[in-house]
Structure formats: C-alpha cells, structure tokens
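I opened my notebook to see what this model could tell me.

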Amino acid sequence: SQPSTAVNFEVPAGACDCHTHIHGDTAKFPFFSGRSYTPEPALPEEMAALHKALRMQRVVIVTPSVYGTDNSATVYGMKARGNDARGVAVIDDKTTEAQLDHLGQAGIRGIRLNLATAGVSDPNIVRSRFQAAVERMKWRSWHVQMYTSLSSISSIKDLVMKSPVPVVIDHFGGAQAERGVQQLGFSDLLDLVRS
C-alpha cells in the first residue's frame with residue numbers, strides 16, 4: 001500500500017484521490033457471484049497509509065464490479081475515512097429511493113454505470129441506460145460516472161453534452177495508449193473533457 005518513490009513536490013492542500021476501491025474482509029463483504037475477477041484485499045487502513053504517504057487529504061471511494069450493487073464495502077471505507085471521504089455507488093432498477101436516500105446520508109454523491117465489465121456496447125442500450133441514470137439522479141444533484149469504451153462514449157456524446165448532471169468518465173474512457181490519439185472515439189472524449 002506504499003508508493004515505491006517518495007513524493008518530492010508540494011501537494012496542494014485538500015488534494016483528492018478521485019477513484020479508489022475498498023475490498024473488505026470477504027466474510028463481512030462477500031463478492032458478487034457474477035464477478036469477472038477476484039481482487040486481493042484493499043482495506044481502509046491500507047488506503048489511509050497510502051494517502052498519508054502521497055499527502056492526499058480527501059478520497060472518493062467507488063463501488064467496484066466485484067460487489068455488484070452491494071455498496072456496503074464502499075460505505076464501510078467512507079466511515080473509516082470520516083469527513084474526507086465521499087462515494088460512488090452502483091445501483092440497479094430495484095434500488096429504491098429510500099436506499100438512495102440512505103446512501104446519500106452516508107456520503108454517496110454519484111452512481112456508476114459499469115458497462116465495460118458487463119460487456120455492454122450496443123449504442124441503443126448505452127444511450128438508454130445513460131438517460132435512465134441521468135433522469136434518476138438529476139433531482140439529487142448527484143453525478144453519473146461511467147466505465148465504458150470510447151465507442152460507447154461516442155454514441156452518447158450528444159447526451160453527455162446536454163446532461164443536467166455532471167458526468168464522470170472513469171478509466172480514461174477505455175483509451176489505449178498504444179493506439180495513439182487517432183484511435184476511434186478519442187476525439188469525442190477530448191471534446192467532452194474540453195466542455
């Protein structure tokens with residue numbers, strides 16, 4: 001959990017690690033049976049030690065795909081970190097408004113659409129899922145975070161540009177460094193970042 005090289009520059013006060021995961025004790029936080037990988041533990045204490053070494057004050061803990069729609073490990077991590085933590089939850093159509101209220105009270109401020117791990121790439125499905133998420137979040141003033149491919153980002157670029165809620169695109173939009181700046185969809189991602 002410690003960086004191999006010490007930080008040798010001034011880190012701004014209030015610096016934030018904007019995307020990290022907690023993988024708790026599997027006896028307390030069992031993994032989703034349909035997961036595509038099994039991670040090693042990543043406990044709040046390890047995260048705190050890493051952030052202390054990196055001089056990061058704040059953190060956004062994102063529910064990883066290994067938990068499906070169970071956000072309890074994320075909430076556990078936020079509680080361990082205190083007021084410097086916020087979270088991003090994974091929900092589905094069965095998630096009630098009362099459950100969202102409870103998550104909001106715990107410090108959740110956005111939802112994550114994980115289309116990449118689920119293998120969702122059909123533009124019509126991507127558009128539909130994105131629009132449903134935005135509709136559900138707009139009155140809460142939460143953001144919608146997406147883990148998806150560049151082609152999917154291109155298919156919803158118009159919707160993202162007019163979204164009434166902030167949109168976060170994680171994992172660099174699936175851009176592959178070895179494919180360079182000419183890869184299909186990369187210019188759409190840059191347009192969205194510029195906007």
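**Entry 1: exposed residues.** I began with a cut-off: a residue counts as exposed when its relative accessible area is over 50%, and as buried when that area is under 20%. The model is predicted. I looked up Phe172 and found a relative accessible area of 72%, so Phe172 is exposed. Phe172 sits in the loop between strand 6 (167-169) and helix 8 (186-194). Its phi is near 55 degrees, which is a positive value in a residue other than glycine.

I then checked Ser141. Its relative accessible area is 61%, so Ser141 is exposed. Ser141 lies in the loop between helix 5 and strand 5 (143-147). Its phi is positive too, near 60 degrees, and Ser141 is not a glycine.

**Entry 2: the largest pocket.** How much space lies in the largest pocket? I read about 570 Å³. The pocket is lined by 21 residues, and the closest to its centre are Thr69, Val90, Ile91, Asp92 and Arg129. I sorted the lining and got 8 nonpolar, 7 polar and 6 charged residues. Strand 4 (108-114), helix 4 (115-118) and helix 5 (123-137) each give at least two residues to this lining.

**Entry 3: the cores.** Which residues touch the most other members of the largest nonpolar core? They are Phe130 and Val144, in a core of 33 residues. Helix 5 gives the most to this core, with 5 residues. I noted a second, separate core of 5 residues, which includes Phe29, Val66, Tyr67 and Ala73. In soluble globular proteins, nonpolar side chains tend to be buried together.

Leaving aside neighbours within four places in sequence, its contacts include Ile111, Leu113, Phe130, Ala133 and Val168.

**Entry 4: aromatic pairs.** I counted 2 aromatic pairs. One of them is Phe31 with Tyr67, a tilted pair, with 5.4 Å centre to centre and 45 degrees between the planes.

**Entry 5: helix 2.** Which residues of helix 2 are buried? I listed Ala73, Thr74, Val75, Gly77, Met78 and Arg81. They pack against helix 1, strand 2, strand 3 (85-89), helix 3 (97-106) and strand 4. After helix 2 comes Gly82, with a positive phi near 85 degrees.

Conventions. Residues numbered from 1 in each chain as written. Predicted model: local features only at pLDDT ≥ 70, side-chain atom pairs only at ≥ 80, totals over all residues. Heavy atoms only, no water. 1 Å grid on protein atoms, 1.4 Å probe; cavity = no way out; pocket = protein on both sides within 12 Å on 5 of 7 lines; lining within 4 Å. Points joined across faces, edges and corners; volume = space filled by probe spheres on them. Helix = DSSP H or I, 4+ residues; strand = E, 2+ residues; numbered from the N terminus. Nonpolar A, V, L, I, M, F, W, Y, C, P; charged D, E, K, R; others polar. Core = buried A, V, L, I, M, F, W, Y, C linked by side-chain atoms within 4.5 Å. Buried < 20%, exposed > 50% of the residue type's maximum accessible area, 1.4 Å probe, protein only. Contact = heavy atoms within 4.5 Å. Phe/Tyr/Trp six-rings, centres within 6.5 Å; stacked < 30°, edge-to-face > 60°.
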